[in-house]
Amino acid sequence: MSAKKLQSIRGIHDGLPGEVARWQRVEQAARKVFGSYAFSEVRMPVLEPVELFVRSVGEDTDIVSKEMYAFTDQGGDHICLRPEGTAGAVRAWLQGGLTRAGAQRWYYIGPMFRRERPQKGRLRQFQQIGVEMFSAPGPIEDAEILAMAHAFLSELGIPELKMEINSLGCNSCRPGYRDKLVTYLQARADRLCETCVERITRNPMRVLDCKVASCQAELGDAPEMVANLCDACDRHFTDVQKGLDALAIPYSVNPRIVRGLDYYNRTAFEIVTDKLGAQGTVLAGGRYDGLVEELGGPATPAIGFAAGLERLAMLLDDDEATGPDMAVVALGEAVQGYALAQADLLRKAGLSVVHCGGGSAKRQFKMADREGVRFVAVIGDDEMQAGTVMLKNMATGEQQSVATAAVAGCTG
C-alpha cells in the first residue's frame, strides 16, 4: 500500500513564494506608515495563558467559548494559541513596567489562531497586523489612529474602501441602552436565528452585527447606541468626527458596528470592501479604556486596530516585478569560476541574481526564462578576457556588451 499523502490542517495554509511576496508588500507599507506616526514594532509570544483572554475578550464571546485553541500542557498550565493581539499587548505593557513611561505606540505582525469555519481570506491560522496606543486620552488620538489606518490602506493602493465609525458608549450610558435593546430583541426572539437568541442574554449588541438576512429584517428599527449616548460620550464622538473632517478623511456613521469583543467602548470603526463577499471588513478596531484596569493595571485610556494580512494581500494589484533581476549564463567550463565571481559581485551591488549552473546555452536560457528574470548576463571566453558581459533585456530582446563594473547601472 502506498503511504498516505500528508496534507496541512484544514484552514491552515502554507505561504509559498508568490503569496509571501504579496504579504511582504503589506508589511513594508505598514512599517513605512506606522513609523511615520512614531509607532514602534513589538514581538509577543504566540502562547498565552487562557485566563488572559477569558478576562479580556470575555468568557461568553465566540472567540473564547467556541474558537480558541486551548489545552493543558505537560506541566498542568492552561495555555492557548493567541486568538487576537490586543490582550497580549496589554499584558506585555504591564509586565514590562511601562505604565509610567508616557504614551506607548506599538504595532505587531504575526500569526493568530481561531477555529472558525474557513472561508475566503479567513483562516484558522491567519496573520494579523495590529496597532495599539496606550495613554491615548481623547478624540484627537482617535482621529489620528483612524488617519493612520486610512494612510496605511492608501499606501497599499487598495481602491473602493469605506470607513465606517460608531460609538459604543461607556459604563455610564451602555447599561440603559442594553436594557432597551434586550426588550426589543426578546419581543422578536422567535424570528431570530439560534445564535442571536443565545446572544440576547449574554451579548445582545452582537445581534445587531448578525449577517443572517432574516435577522437583519427584524432589526430595522432596533434602538441604536449612538442615539443613547451620555453627554461625555456624545461630545467625544462629535470631536472624533470633527478631527476626521479636518483631515479630509471620508467616513460614514454606521450605528450597527458593535465589534465582537467585550473590552471596546466609545469609538469603534471598520474599513470595509465589497470585494471579499459578505464578510467584507479588512481593518477594524476601537477604543478600550477599561481593559488595562481589567487586567490588573491602572486605569489607562487606549485605542487600536487590526487587519488580516491575507485579506489585504488578496486586494492588492498584481506586482509585475516578482522575478529576480538577473540570471548569469556561463558558456563553457573555462568561465565557470569567473561567472560565479561575477554573480557574487552583482549581488553585492544590490541585485537579485540566479546562476544558471552551466551546461548548454539552450538549457541555461530556458532556466532564466522560467525564473522570470529581467536581464541575462551571458559570459563566454571573449567576455571573460575583456572583463565584460553580454547583457540581454528579456522584455525587449536588446543585447549590449557591458563592462562588468557597469552592469548594475544598466538594470535600473
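What does the accessible surface of the protein chain come to, and what percentage belongs to carbon and sulfur atoms? I looked this up first. The surface comes to about 20,200 Å², and 49% of it belongs to carbon and sulfur atoms. Areas are Shrake-Rupley values with a 1.4 Å probe, and for residues only the protein chains shown count as cover.

**Ground rules**

I am working on a predicted model, where local features need pLDDT of at least 70, side-chain atom pairs count only at pLDDT 80 or more, and totals for chains, interfaces and linings use all residues. Residues are numbered from 1 along each chain as its sequence is written, and side-chain values use heavy atoms, with hydrogens and water left out.

**Entry: the whole chain**

I noted 14 helices and 16 strands in the protein chain. Both are DSSP runs numbered from the N terminus: helices are H or I with at least four residues, strands are E with at least two.

I then checked the dimensions. The radius of gyration of the protein chain is 27 Å, whereas a compact globule of 412 residues would have one near 22 Å. The radius is taken over C-alpha atoms, and the globule rule is 2.2 Å times the number of residues to the power 0.38. The C-alpha trace spans about 90 × 65 × 45 Å along its principal axes.

Of the 412 residues, 49% are buried. Buried means under 20% relative accessible area, exposed means over 50%, and partly exposed lies in between (1.4 Å probe, protein chains only).

I looked at contacts too, meaning heavy atoms within 4.5 Å. Among contacts with a separation of 6 or more, 68% join residues 24 or more positions apart.

For charge, I found 46 positive and 53 negative side chains, with the centres of the two sets 3 Å apart. Lys and Arg count as positive, Asp and Glu as negative; His and the chain ends are not counted. Each charge is placed at NZ of Lys, CZ of Arg, CG of Asp or CD of Glu.

**Entry: the eight-stranded sheet**

In what order do the eight strands of the open sheet run? I read E1-E5-E6-E11-E10-E9-E7-E8, with mixed pairing. Strand E1 (40-41) and strand E8 (252-253) are the edges, each pairing on one side only. Two strands pair if DSSP finds at least two bridges between them.

I started from E1. E1 and E5 run parallel and are joined by two bridges. Ser40 stands opposite Trp106 in E5. On to E6: ten bridges pair E5 with E6 in the antiparallel sense, and Arg105 faces Met133 in E6. E5 is largely enclosed by the rest of the structure, because seven of its ten residues are buried.

Then I took E7 and E9. Strand E7 (residues 162-167) runs antiparallel to strand E9 (residues 265-272), with six bridges between them. Ser167 has Thr267 in E9 as its bridge partner.

**Entry: positive phi**

Arg266 sits in strand E9. Its phi is near 50°, a positive value in a residue other than glycine. Is Arg266 buried or exposed? Arg266 is buried, at 17% relative accessible area.

Ala248 lies in the loop between helix H9 (231-246) and E8. Ala248 has a positive phi of about 60° and is not a glycine. Ala248 counts as exposed, at 64% relative accessibility.

**Entry: helix H4**

I counted eight buried residues among the ten of helix H4 (residues 86-95). They include Arg91 and Trp93. The cover over the buried residues includes strand E5 (104-113), strand E6 (125-134) and helix H2 (50-58). Just after H4, Gly97 takes a positive phi of about 65°.

Strand E12 (residues 326-330) has five of its five residues buried. Met326, Val328 and Ala330 point one way, Ala327 and Val329 the other. Three bridges pair E12 with strand E13 (residues 353-355) in the parallel sense. Ala327 has Val354 in E13 as its bridge partner.

Leu316 is in the loop between helix H11 (309-314) and E12. Leu316 counts as buried, at 6% relative accessibility. Leaving aside neighbours within four places in sequence, its contacts are Arg22, Arg25, Val26, Leu156 and Ile158.

**Entry: a distance check**

Gly337 lies in helix H12 (residues 336-348). Gly337 is partly exposed, at 49% relative accessible area. How far apart are Gly337 and Phe39 in space? I noted 47 Å, C-alpha to C-alpha, and 298 residues in sequence.
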